[in-house]
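My notes follow the structure.

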Amino acid sequence: MVLTKQRVTVLGSTGSVGVNTLDVIAGHPERFEVFALSASTRVDLMLAQCFKFKPCYAVMASATHAADLADQLKANGLFTQVLTTKNALETIASDERVDIVMAAIVGAAGLAPCMAAARAGKKLLLANKEALVVGAEVFMHAVREGNARLLPIDSEHSAIFQSLPEDPRVWAERIDKIILTASGGPFRNRAPATLRDVTPDEACAHPNWVMGRKISVDSATMMNKALEVIEARYLFDLAPEQIEVVIHPQSIIHSMVQYRDTSVVAQLGTPDMRVPIAYGLAWPDRIASGAQALDFKTLASMTFSVPDNEHFPGLPLAWEVLQAPTGTTAVLNAANEMGVAAFLEKRIRFDQIHVVNRATLDAVSVSDINGIEDLLALDTASRATASTIIGKLKT
């Protein structure tokens, strides 16, 4: 059988998800070709990716980095065009020649290109939590209106998707609840009183997964799981009370679905992001991911526990904001991004990230949200409030 190659845009190609996506694509040249790449500041890695994959377009986050990349591409005889327009990300996400968009830009900056891909009816592989956390109903409306195919790439949400019936129309009548698993990060057994002394390097040393610094800190606070709860509510159209979280330190069971007859269906695998990436790229087919298979003969025991509020005070905020007015999830996301950035810059303590999140939610009033412009304005206002709160904290 002759396959028609699928053209792929990778948003955030130099991050961990982007790099793993390109690794999977490289293993299947007969199925995929890279149409466009985007990155923040890592010009050297982007140049190497352009050498290997020969994309039509590349986008950098700043004009300075874009100019540097363009000069190096020209010097090396490469014909990839560097786009520098304000809406460049939206352009490469919605181009009519693109079949698949991998959305792996960290933070609220990924919302606009995700919306563009959704409106253009793309197969959208969502590794960007914030598109759903910030966009919520507005983003899902764009998915429906554009007739896009939305596939989750987070290992937990991919696991849920793989454990559900193929027909979404039967989900409501068959599902009792979903159970998101969490590793618990590096501090689940650490005395809560000592968390104030955690350093950025300690917080970024995840025991199971190789991730960027921001996501690693979110895993250490379990704010990543709070954001995933919010995502799951919209991805699977569930009530907040139908979503649970359990700590599973081995990261072998990636998440589970409990049905109304009490049966539980789970997806298992090694902790390797190439597995959900390969599933998303090839869906509804399955292709080799390059990950190591589970060996049940050598597999250690699997354990589970309930997350406690002393270690992870931010986790309950997920259910709180889901019960609040539309847009409140965007406030939480903005506050958390600001708090994590301040921690990584050593301007606040690890335990003060939650202080920033809690205080910002209490301070920001959410009014009517009618579109992406309202969401982005709320995001800006929430960041300003969080910045003021951070400035008043003493480490």
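I counted six aromatic pairs, taking rings of Phe, Tyr and Trp (its six-membered ring) as paired if their centres lie within 6.5 Å, with planes under 30 degrees apart called stacked, over 60 edge-to-face and the rest tilted. The model is a predicted one, so I used local features only at pLDDT of at least 70 and side-chain atom pairs only at pLDDT 80 or more, while totals for chains, interfaces and linings use all residues. Residues are numbered from 1 along each chain as its sequence is written, and side-chain values use heavy atoms, with hydrogens and water left out.

I looked up Phe35 and Tyr57, an edge-to-face pair with 5.5 Å centre to centre and 65° between the planes. Phe35 sits in strand E2 (residues 32-39) and Tyr57 in strand E3 (residues 57-60), 22 residues apart, and the pair links these distant parts of the chain. I took helices (H or I, at least four residues) and strands (E, at least two) as DSSP runs, numbered from the N terminus. Phe35 is buried at a relative accessible area of 3%, and Tyr57 is buried at 17%; buried means under 20%, exposed over 50% and partly exposed in between (1.4 Å probe, protein chains only).

Next I looked up Phe187 and Phe350, also edge-to-face, with 5.5 Å between centres and 80° between the planes. Phe187 lies in the loop between strand E8 (175-182) and helix H9 (200-203), and Phe350 in the loop between helix H14 (328-344) and helix H15 (352-363), so the pair ties together parts 163 residues apart in sequence. Both Phe187 and Phe350 are buried. I also noted a cluster of Phe161, Tyr279 and Trp283, linked by ring pairs.

Then I turned to helix packing. Helix H6 (residues 129-146) and helix H11 (residues 223-235) cross at roughly 25°, and their axes come within 9 Å; axes are lines fitted to C-alpha atoms over the stretch in contact, and angles run from 0 to 180 degrees between N-to-C directions.

Helix H1 (residues 16-26) and helix H2 (residues 43-53) pack at about 15°, with axes 12 Å apart. H1 and H2 are therefore roughly parallel to each other. Val19, Leu22, Ile25 and Ala26 of H1 meet Leu45, Gln49, Lys52 and Phe53 of H2.

Key: Parallel < 35°, antiparallel > 145°, perpendicular 65-115°, else oblique. Contact = heavy atoms within 4.5 Å.
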